[in-house]
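Let's take a walk through this model together, one question at a time. Have the sequence and the 3D view at hand as you read.

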Amino acid sequence: RPLKTPPRLLPQMAASPSDAAPTDLPHNTQSTNPKAPLSTLGSIANITKLILGAGSFALPWAFRHSGIVVAAIAVLLLGLFAHVTVHMLVESKRMIEDSGTSAVAGDVHSDGLDYSQISEIALGRRMEYIVKALTLCSCIGACAGYLSFISGVFADIFGASQLLIILLLFPLLVVLSMVRTWSSLSSFATVGNISFFLAALLVLYDAFRTAASAPHAPHAATVVSNAPGDSPLLIIGPATFLFTVHYCVLSVARESDPETFEKVVLPVSFGCAAVLNVLFGAVCSMAYGSAVKDNVLRNVQDGWLGNGVSIFLAADLLFTYLLYITPAREYLEKVVLHAEPTPMTIRGEIVSRLLTAFIVLLTVLLSAGVKNFAILTGTVGCVTDAIQAYALPPLIYSSLLVKRDQRECGAVQPRTIAIILGSVLMSAIGLGFTAAALRQLIILILKL
């Protein structure tokens, strides 16, 4: 069953040194599938797909108004920041499992600890509810935004009502969302990544064609300067939305080889995604110049090129939808089906599928009520993502380090104090990102 009494775990972690695990903590594999059904390439495909997506097409506008140099540095730093905090979550999970509570760590269908349970053990029971609420809002809001975009694309192409397209997509999304494992989802992620790259290549082609047909367009140096009233902080919103994959990472890691996941999958996925986003944002910003739109797809000319970009991106977002809905489904299953054995009974399977259909229905209702893609994704990035990506992981990590020192050494060590100070600074920066992103959202809403 889900962890309901973390106070009983914490005394074990804070016990006397004689009861502690060895100081040189090994990798715990009790809650990880030893067969590692998800290959290294599959893991990279999943994490990369979670990062690359619709938010990338908002970057050229942000680069234009934040300044190319400032925006490029900000994207790279936020990508590095997100990678560090993801690593903190993975290390926090390992510290808990290696503390002698492995049986509890693998309690829920042998799935291991998720983000909310790690938060509960490190920061208290209330934090579990906060993280679950943030994750559900983030997943459902992001998926509703993707559905809004997809339905808008096909509504324009076929001249149909966007609401009708949403209703027609509902049964397809329910069926596709029944896929349960990340190893199976990796195939969808690969197709989604290919669709994204094709859409990006068509946009770049149009951007170069536009720049070549306008030889007297402003020089790239003028693009770097900020327009009146703009701020370098405008880059924070879309960049934060891109790199917040924290509530999915632990699930992907569960089906991956632990050592390879940390040393290869995370650095490669975050590094490649950050570099690709910087190149795409900078090139499109310089090519389109002052004419660049808040969504660069609006710059692409109508006709086969515009329709091709829209269809490829819609396909990309369809598969991204399937990845982002998974954490929400897992959380609800752990609440509703906590007493189900592994494997689940027929009743449990039926309830699981009904929960999936219910979550998809929520995204359909939200996208039908709020059809503006920018508001949906902007709200997710501003209200939930910055907190989960930048503020909470450092606090969780430092709290567990203190508990480990008390358990093993009887007192907090100087190295841990230094890490705590750095973690507090990172959390403060994360809260600053949240405030800046909220400011951007308010400006966006006031302009609409």
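Q: Is F196 buried or exposed?
A: This is a predicted model, in which local features need pLDDT of at least 70 and side-chain atom pairs count only at pLDDT 80 or more, while totals for chains, interfaces and linings use all residues. Residues are numbered from 1 along each chain as its sequence is written, and side-chain values use heavy atoms, leaving out hydrogens and water. The cut-offs are under 20% relative accessible area for buried, over 50% for exposed and anything in between for partly exposed, with a 1.4 Å probe and protein chains only. At a relative accessible area of 5%, F196 is therefore buried.

Q: How many aromatic pairs are there, and what is the geometry of F57 and F196?
A: Rings of Phe, Tyr and Trp (its six-membered ring) pair if their centres lie within 6.5 Å, with planes under 30 degrees apart counted as stacked, over 60 as edge-to-face and the rest as tilted. That rule gives nine aromatic pairs. For F57 and F196, the ring centres are 5.7 Å apart and the planes meet at 75°, so this pair is edge-to-face.

Q: Where in the chain do F57 and F196 sit, and how many residues apart are they?
A: Helices (H or I, at least four residues) and strands (E, at least two) are DSSP runs, numbered from the N terminus. F57 belongs to the loop between helix 2 (40-51) and helix 3 (59-66), whereas F196 is in helix 9 (residues 182-212). The pair thus links distant parts of the chain, with a separation of 139 residues.

Q: Why is helix 2 described as largely enclosed, and which helices do its buried residues pack against?
A: Ten of its twelve residues are buried, so helix 2 is largely enclosed by the rest of the structure; among the ten are G42, I44 and L50. Contact here means heavy atoms within 4.5 Å. The buried residues of helix 2 pack against helix 9, helix 11 (236-243), helix 12 (246-254), helix 13 (258-288) and helix 14 (304-336).

Q: What is the distance between the end C-alpha atoms of helix 15?
A: The expected span of a helix is 1.5 Å times one less than its number of residues. With 24 residues, helix 15 (residues 346-369) should span 34 Å, which agrees with its end-to-end C-alpha distance of 35 Å.

Q: Which helices do the buried residues of helix 15 pack against?
A: The buried residues of helix 15 include G348, L355, I359 and V364. They pack against helix 7 (125-158), helix 8 (162-176) and helix 14.

Q: Where is G432 found, and what separates its C-alpha atom from that of A386?
A: G432 lies in helix 17 (residues 414-447). Its relative accessible area is 36%, so G432 is partly exposed. A386 is 46 residues away along the chain, and the two C-alpha atoms are separated by 9.1 Å.

Q: How many helices and strands does the chain have, and what share of its contacts joins residues 24 or more positions apart?
A: The chain has 17 helices and zero strands. Of its 448 residues, 55% are buried. Among contacts with a separation of 6 or more, the share from residues 24 or more positions apart is 87%.
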